[in-house]
Every structure is written in structure tokens, then in C-alpha cells.
Amino acid sequence: MPRLSPEIDHLLRRAGFGASAADADQFRATSADALVSHFVDYEGRPDDVDARIGRPDHARISLDDAFSPDTDIDDARQRWLFRMIHTRRPLQEKMAMFWHNHFATAYRKIAAAAGELQAAKMMAYTPGQARPLRGPQGQIELFRQQALDRFSDLLVQVAQDPAMLIWLDGRSNVKSRPQENWGREVMELFTLGVDFYTESDVRAASRAFTGWNLRRSQGFRDDDPQSYYEFFYDAEQHDTDAKTFSFPVAPGGSHTIPARGPSSGLQDGLDVLMALATHPETARRLARKFWGFFVCETRDPDPAFVESTASVYLRNGTAIRPVIRHILTSSWFTDAAVRHTRYSWPAEFVARAIREVGWQNFELGDVLTPLASMGMPLFEPPNVGGWETGPAWYSTATMLARTNFAATLAASQREFLAVSLGADGGTRDALLGAMLDRVTTAPLDRAPREALQAYLQAAGSWTGSPSQLGTRAAGLARLLVGASEYQLV
Amino acid sequence: MKVSRRLFIRDGVATVTLGLAAPSFLGAIARAQGAHGRHLVVVYLGGGNDALNTLVPYQDQAYYDRRPTIAVPAGQVLQVGTDAGGHALGLHPGLGGLRNVFNEGRLALVQRTGYADSSRSHFEAAEIWNTADPTLSIGPGWLGRYLDTLPRPLDALTAWNTASETPRALYAERSGVPAIPNVATYAYASPNRGSAAREERTAVEAMVANPAPDRPHLAFVNGTSRGALETLDRVATVRSYAPTVGYPNTGFARSLQTVAGAIAGGVGTKVFWVVTGGYDTHSQQGAGDGTYGALMGTLGDGLWAFYQDVRNQGLAADTSVVVFSEFGRRISENGSRGTDHGAAGLMMVLGGGVRGGLYGSAASLTPGHPTLENDSGDVRYEVDFRSVYARLLDQWLGVDSTSILHGDYRSGAPAIF
């Protein structure tokens, strides 16, 4: 079965997690434009992936006891991986990953402050289950639901997100001694970037968010799944004096937020967030991040790309959906020269490898430790700046973790590969061709291609028996998924 | 304007490729040279260490006035005497192990280290400390530039990063640094056994040998894989290391035990990089105990175990440890009983060849005092951190610091060696 066209493959890698065999069949006759719409306008398709957990033709969840993805962080990790592999809305999961890195929040600090159950709930609770819990949705669900909506709305929800209020200490930001963690990082990392605010802005922003605190539900117990934390504007702790910034912050272009009474002081923070979300430097900064995430990591962002993308963002009231559509249909994205110019993130790498090699009886619990060794434990970014992406994903240790995961996956799919390849295993060349169709690498130069052929030659006389086929197909899967050419997407 | 983190990582790419794959026969050379070589262990306290609670000015009333709930009580500090400015100082009570080293005369405490116009951004500040250049937080790091000065071919284990991500300090133009966080899992796996596994490894070696000269990013990943294959066998020898003391059960101590194993095993590594995090104490940091107390316990107990371990094996005189963080913290506590991002910090250097003691002079924490900055919110630096680097390079590693640091920072350097 011939592979998909290069531009379709490119889209599937960048906007999704690569193509499973079923995707390859589904999208073979699809045009690139139609596929962009398929990805971007995903809301017409049901978000039914969680309901498919447990089906025998899907990847498996590892269980010690009851599966509790809303209140146990390892189960939440497995659920997210399951979603990446089996979702009908790949761009939604991809963007959830983007926002998880952009608004990087780590479980460990939440768990230390609020206990493991509450922390897992704050990170990952998904409402709409058969037996819903009380309390706000988890942070990753916020990123999923708002993935392509207005950034200004997302920013407000992030500012009021319980996990974020613990992570950056907003819960204890009070008027007597404002604390700066959120006030600084919201400008440095979430919006403007380090060159576009002053130390005085940090102090003013920190004061604007005084009183943006948390409270517990009635009768709160940290081991009770029905208990929860929620955002709470504490008017008594709000600094009511005027706050002056180095950039326009109030409606009308004023740099000063006027003194406001405690009861209307919530507006201070909303004003700051709106000013930050609609600031041209925020637009450019997001555009540069999208360049690296969707387009290319081997060249600096094209200034024309940055300006045009920033302009789409600002013209659409900070809505992200038109921005992503603009990017995926732009000549920057469709340029054949940008294919395989991104370094795959570990979670993308894992999800794509499983989708391409196979998931028969594969347990997603077996991914968690390798993913951490690759440098990307889900829900545990190293700090508020998120993961260092691009070539920084690759060190000797993380590369070994990738190749060793390739070995684990390949070993687990030995029999599946032997059966599903079937007639394609009749000759060495047919086997190599079938595996290269399935596991898609950046173009292989002659030397690595010859190394793969030599590996098959070394098998001796070729019988194509299930045993020989299983061994060599698994070996090829390990070689291809572990190849440097596979890391570039 | 400084370049964003995301952009400037790229300049390390084409270059890091070149140095990684040293031929394996170099192991023997490295061992022959390394057994008597000097080692520098660089410890990064991630998040911005609250230097005023590490080395406490326990007779400065302003310290207590400005930190009503997080000041370390004078009665709890581990006194280390008086600095040149007449300030009485004491270590945090969690640093008992380090006080032992101090009492042996092998711990140097260099106060108020930093640079002018200190960055309060974690990321920018970390890059500045790593490049040793406050104006240009891009390009190779100071340790990478040191590696680049060493004779070629460079052994693949000349530097050893115990974290899985490579810090900018170790970025080099022609030297690669392996990341080896865990010697137990630093191994090669195959889905097959026997001849099929051997043939697969042969194929791997052939595939990653592709120099791909016109595809630098592919060449970079290939170089990383070659670096892993080159170092696997020698790293495996460290797995059986039996330390002479018990190490605490922390990730930091496990990293230091690995370092001790590599030193004792004569692997030949000159520079080790170790990270311990959690220092971004914006809230509920505690005073003598609590969050910060736990951080100090992890730091002090880990370093004390390491120091004893190398000393017991007669290797202390070959080993120096330098401890730094990207900035100090605000003098006044915030309303969350924590501290926000500040300026000057504390560097610590310990080892058998170190001239211990108190260097520099503490700030006076009374608002308006000239040792403060940022509306008296922060401690102003006194010792340029590059002068400490210069001393480490010139006196410990035995190279010319001026070319590596792009300037002469020897004057005013604390005489720690």
C-alpha cells in the first residue's frame, strides 16, 4: 500500500501525531486544504475518545486498581497518551500540549501544597464523565476546551485556574506585601517576553492581582474527590490604589489603572490581562512560538511570517483558530523545504511511534518512565518556562531513552507486525519497503539505507517464516523509530 | 536586545556535533591522565537561592525587621565568624555538613556575587551565569569554551552532565558533553537477542555514522547518538561503585555519588554538572525548617557525604565543588511568607585544595544603605561572578581565563585557591 503524499504526511505530523494505518486509508484521497479543515474545524466530530478506553482494538491502560484519571496523576498521564493516540481531534490534543508547555505548570508543587488527589484533579479533571465530580475542570481540560479560542479568554481562565494560583502563588497575593511570581511570569513568559516590561511593571501587575486568591469548598477534605479548590476574588486583600504601567493598560490607552474600590477591584487584573493579550509584542511572541511548533526549527522565524500571523491574531480579537488555519495554509508551512525541520517532542515521538508501529496489547503505563527519561514527563515541566524544545530535547541520555523505547515498542509488536505484514514479508526488499511506508522517517541517505539492507541480509536465507519475519520486522521497527531521521518531523 | 531563549539555542546545533564521537581507544588515555587530574564539580541551585537565609547576617536588626516570619533566629544559625566588614555570619541550621567543611578550612563562602543591572528573570539570569556574559546570553557557555581549549582529540567523557538536559554552560563549539543522569539506565536495548541484536547494533552504528554534512540538524542528532554509543561501556564501569559513606536518599546525593564513582574509577572526567532545584521560594519558605530547611538539608547533607567520600579515598585534593544560583532573592519577605526574585547571591567553593573562609562583605539591610539596590529591595553585588570563574579556570583547571571569559577578571578575585 503506497504511502500518503508528502504534503499530507507533513500535515499529519505537524498538526497531529502522525498517521496510523487507518488514517492512511482515510486520508489517501483527501486534499491538503480539506485536511486542514478536518484538523482545524474539529468540533463537528465527537470528542468520544475517552469512551473508547478499554476497547480491545485500542492501546491498553495499565491498572493497579480502579482507573482514576481524574484523581490520580499517573492514570491522567495514561489517559492523555491514549487521547493522543486515538483521538479523532488530533489538533486539539496537539494544542493542549502546546498550551501545557506555554503555561507550564508542574504537578509536584501542587501536590506538595494540596495533596496528590487534589493536585491530580486540578491538573486533569475532565467533567462530563458518567459520574462527574464537583469543582472546576482540570487545567489540561481547560487547554483542551479553549485550545483554539480567544487567547484573551484563555489567559483570564489561566489566571483564575486553581493549579496556576498555587503554582505561581497567586493564592496568597495580598495587599500588604504583594508577591511577584505571577505578576512577573505572566508578562515574561505567558505574554510579552522579557524585553517588553520593566521591574516597575512587575510591581504594578503584582498589585493589580492582589486578592486573586483561592478558596476551598465547604467541608473540604483533601482526600475527598468531591472536594475542590476554586478561584475567589478576596476584595479585602485587593490593593485599591492606582497602578501605572509602561504600556497602555486601561481602556482609552491610559497607562494607569485608576484607583478602584475593593468591590470593583477584580477589574484591575482583567484590564492587565486584556492589555497583555492584545499587545503587539504578545502577538509576535505567540507567532514566533507557532513558527517553531508548526513550521520550522532550523531557521529563525521569517519576519514576514511573524507580522502576518500576529496581524491575523490581532484582527481576530486574539482568536487562535484563524491563526492556526492561516499558518497551516500559508506558503511557509506548505514549502517542501520545511518538512522534517522540527525536532519531535518526546510525547509526540511516543504517540506517533505507537500509531505507526502498532499498539496491540501495548500498555500505556509502560510509556511513563521512558517519557520521563526522554525529558518530558507529562504534567511535570521543569519550571514555569516549560520544556526547552528543539535540539535541547536531545542529549546522549534522552537519545538512549528514545532508542530504548523504540526497542520496547518493537518487541511488544513482534507478532502483530509478523501477522499484519503477511505477504509483504515475502522478500527482504518487500519487508523493508512495507516498514518504510509504515514508519515514516525524514529521507534516508544512501549509507543508512544500506545499513538497513545489510541488517536484513544478515538474516541469512530468507524464508519469511513468522519467526524470521517477527524478528526482523521488530528489528527494523527499532532501527527506524530510533533513527535520527525519525526524530525530525 | 537580548535574543529569546527559544531562538538562541540553535547556535549550538551544528557545532555540538563535531566533538562527541571520540574514538574509544581514548578511554585508555583518559584513564591514564585522569587518575591524577583535577575535577571541578559545578552545582547549580535552580530557581534563585535565598542567599540571606543560606549565610545569615544574624546581628543585622534589619534582617529580622524585614523578614518577620522567615528570618532564621540568631540562636539557630551555625556561626562561621565575622567577615572583613565586621558582619557576624552564620550558616543555615540545615548546613551542618558544610559547617564541618568550613571548620576544616575547606569551604569558601563568597558573598554578594553577581553583576551590574542584575536580571530578575530566571531564564535570562541563568543564561548570563552560564555564558559568563551579562550582555549576550547566547553562544557557547563558559565551561564549553573551556572544553574547546583542550587538546584534540577530546575524550568523550571529559565533561559529564548528571542532568538529562544540557545547560548552556556546557554548550561548546567543538566539544560535546554526554548527559548521564543515571548510570543504571544508561544502556542499550534491543527487541531481539543473539545475532539479530548484534546485527542491529552494527546497523545502528552505521546509520549514525552518516556525517550528513549538508544536513546539520540530522548530523547533530547522529552525533548525539554516537556520543551515547561511545560512552556506554565506560559509564557501565561506574555502576559497580561502592562508596565509602552512606549517601542521603535524594536525587542530588545520588548525582554526587555518581560523580564520586566516576572520579574514583578514574574515568578521566574534568568537569561535572549537577543540578538541584526547588529554590524559587515565593511562598511559605520557612525559616530554620520548612521548605527552605529541606532544601538546605538536601544541599548540605549531599555535599558533606560527597566530601567525605572523596576525602576517604585520598581524592579530596583533586576535587573542587562550586555552588551557584541564578540570583539571590528580595530582602523583604512577601505576603506569602516567601521571597521574590532579587539580585546578588552567594557562591560556595569547597574541596581539599580550597582556602576556606568568608570572602567579601555582607550588605547592610537597612533601607537606603549603599550596599542595596532597586529601592533597597535587593542586595547589590560586590564580587563579579566572573572573577570567581577566572580563579577556577586559572588556578584550578590551569588554563588562561582571559580567553575563555573574553576579558581579564582576575583583579578582585577572591583568593580561594
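Predicted model: local features only at pLDDT ≥ 70, side-chain atom pairs only at ≥ 80, totals over all residues.
Local features need pLDDT of at least 70 and side-chain atom pairs count only at pLDDT 80 or more, while totals for chains, interfaces and linings use all residues. Residues are numbered from 1 along each chain as its sequence is written, and chains are lettered from A and ligands numbered from 1 in the order in which they are written.

Trainee: How are α18(A) and α20(A) oriented to each other?

Mentor: Helices are DSSP runs of H or I with at least four residues, and strands are runs of E with at least two, numbered from the N terminus. The axes, lines fitted to C-alpha atoms over the stretch in contact, with angles from 0 to 180 degrees between N-to-C directions, come within 11 Å and cross at roughly 30° for α18 (residues 346-357) and α20 (residues 396-412) of chain A. Angles under 35 degrees count as roughly parallel, over 145 as roughly antiparallel, 65 to 115 as roughly perpendicular and the rest as oblique. The two helices α18(A) and α20(A) are therefore roughly parallel.

Trainee: How many residues of β5(B) are buried?

Mentor: A residue is buried if 20 or more other C-beta atoms, placed from the backbone, lie within 10 Å of its own, exposed if 12 or fewer, and partly exposed in between. Strand β5 (residues 107-114) of chain B is mostly covered, the buried residues numbering eight of its eight.

Trainee: Which residue of β13(B) is the bridge partner of T113(B)?

Mentor: Strands pair if DSSP finds at least two bridges between them, and β5(B) pairs antiparallel with β9 (residues 345-351) of chain B over five bridges, where T113(B) stands opposite G345(B). Two bridges also join β5(B) to the parallel strand β13 (residues 383-384) of chain B. In β13(B), the partner of T113(B) is V383(B).
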